[in-house]
Amino acid sequence: MTLSVENRPSPNFSDRREGCEIDILLLHYTGMASCQAASDWLCNPRSEVSCHYLVDLDGTVTAMVPEDKRAWHAGLSYWAGSRDVNSRSIGIEIHNPGHAGGYPDYTDAQMRAVIALSADILSRHAIAPRHVLAHSDVSPERKEDPGEKFDWRRLHENGIGLWVEPAPISEGRTLRTGDQGALVRALQEKLVRYGYGLEVSGWFDERTGAVVRAFQRHFRQARVDGIADPSTVETLDRLIAALGDEAADALG
């Protein structure tokens with residue numbers, strides 16, 4: 001599609017940390033009642049938040065912060081060894097009132113615009129598929145956007161991001177808060193290998209549950225409960241196996 005791009009510069013940005021290369025594309029929802037309200041807030045100096053691009057319901061894209069600058073969208077976050085996700089990333093806010101606002105479906109126009117915009121960004125920056133992420137991936141205890149209704153499969157089918165077919169939900173051994181042992185440790189090790197921020201302790205604590213929920217929102221959307229059931233574990237195994245396709249990528 002041909003992108004319709006408007007410009008509304010936000011004052012809320014800074015320089016990227018020296019030595020940081022752009023290697024993450026981070027997707028959000030606005031969590032506000034209207035796109036206009038979100039745009040106003042992202043441009044308000046008092047908010048201390050911003051993004052590089054904002055996508056409205058009709059697919060209109062608003063450019064807000066230059067890509068070479070550090071927009072303030074990730075907040076307290078972590079991914080693959082870095083706690084300054086803002087310096088590594090380009091942030092796209094997609095208008096949706098979010099879970100607290102009824103969480104409607106994303107529109108087809110929004111999805112087409114996000115795909116076109118993401119493809120355009122990827123044409124300029126060496127962002128590995130595994131680093132096309134949700135806000136909830138990098139801030140699992142604080143955030144749940146863009147949420148389980150966002151169509152990551154569609155992005156992948158258009159060459160954006162990493163995706164595997166989720167394993168069907170079935171009965172079997174589960175891991176949940178309070179569990180301990182080798183199986184929990186193995187689960188944590190795989191989540192950390194993918195990039196999630198987690199201590200490999202062998203104890204399924206609240207942080208582990210939050211990371212499992214974030215993983216489910218992105219990769220096993222049929223049930224988001226923070227319980228590592230057989231479907232979740234198998235889907236994670238499939239995802240780790242798919243990383244072999246990126247083995248030659250220095251960003252992997």
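Residues are counted from 1 along each chain as its sequence is written, and side-chain values rest on heavy atoms, with hydrogens and water left out. Because the model is predicted, local features need pLDDT of at least 70 and side-chain atom pairs count only at pLDDT 80 or more, while totals for chains, interfaces and linings use all residues.

Charged pairs come up first. Side chains of opposite charge can pair when their charged atoms come close. Taking a salt bridge as a side-chain nitrogen of Lys or Arg within 4 Å of a carboxyl oxygen of Asp or Glu, the model has 18 salt bridges. One of them joins Asp15 to Lys69, with 2.7 Å from N to O. Asp15 sits in strand 2 (residues 13-15) and Lys69 in strand 6 (residues 69-71), so this pair ties together parts that are 54 residues apart in sequence. Helices (H or I, at least four residues) and strands (E, at least two) are DSSP runs here, numbered from the N terminus. As for accessibility, buried means under 20% relative accessible area, exposed over 50%, and partly exposed in between (1.4 Å probe, protein chains only). On that scale Asp15 is exposed at 55%, whereas Lys69 is partly exposed at 23%.

A salt bridge also links the side chains of Asp108 and Arg154, at 2.8 Å from N to O. Here the partners come from helix 3 (residues 108-122) and helix 5 (residues 152-157), so the bridge ties together parts that are 46 residues apart in sequence. Both ends are partly exposed: Asp108 has a relative accessible area of 42%, and Arg154 has 22%. Arg124 pairs with Asp120 at 2.7 Å, N to O; Arg124 is partly exposed at 41%, and Asp120 is partly exposed at 34%. Elsewhere, Arg17, Arg70 and Asp84 are linked in a network of salt bridges.

Next comes a polar residue in a loop. Ser47 lies between helix 1 (35-42) and strand 4 (53-55), and with 11% relative accessibility it counts as buried. Its side chain makes a polar contact of 3.4 Å with that of Asn12. The term covers a pair of N or O atoms within 3.5 Å; within protein, one must be able to donate a hydrogen and the other to accept it, and residues adjacent in sequence count only if both atoms are side-chain atoms. Setting aside neighbours within four places in sequence, Ser47 is in contact (heavy atoms within 4.5 Å) with Asn12 and Trp41.

On to the cysteines. With a disulfide defined as a pair of cysteine sulfur atoms within 2.5 Å, the count is 0. For Cys43, the nearest cysteine sulfur is that of Cys51, 8.3 Å away, which is too far for a bond. Cys43 is buried at 12%, and Cys51 is buried at 0%.

In soluble globular proteins, nonpolar side chains tend to be buried together. A nonpolar core is a set of buried Ala, Val, Leu, Ile, Met, Phe, Trp, Tyr and Cys residues joined through side-chain atoms within 4.5 Å. The largest has 55 residues, and those with the most contacts inside it are Ile92, Phe150, Leu155, Leu191, Tyr194 and Tyr196. Helix 3 supplies the largest share of this core, 6 residues. Beyond its neighbours within four places in sequence, Phe150 is in contact with residues including Leu27, Ile94, Met111 and Val114. Another core, of 6 residues, lies apart from the largest one and has Cys35, Leu42, Cys43 and Cys51 among its members.
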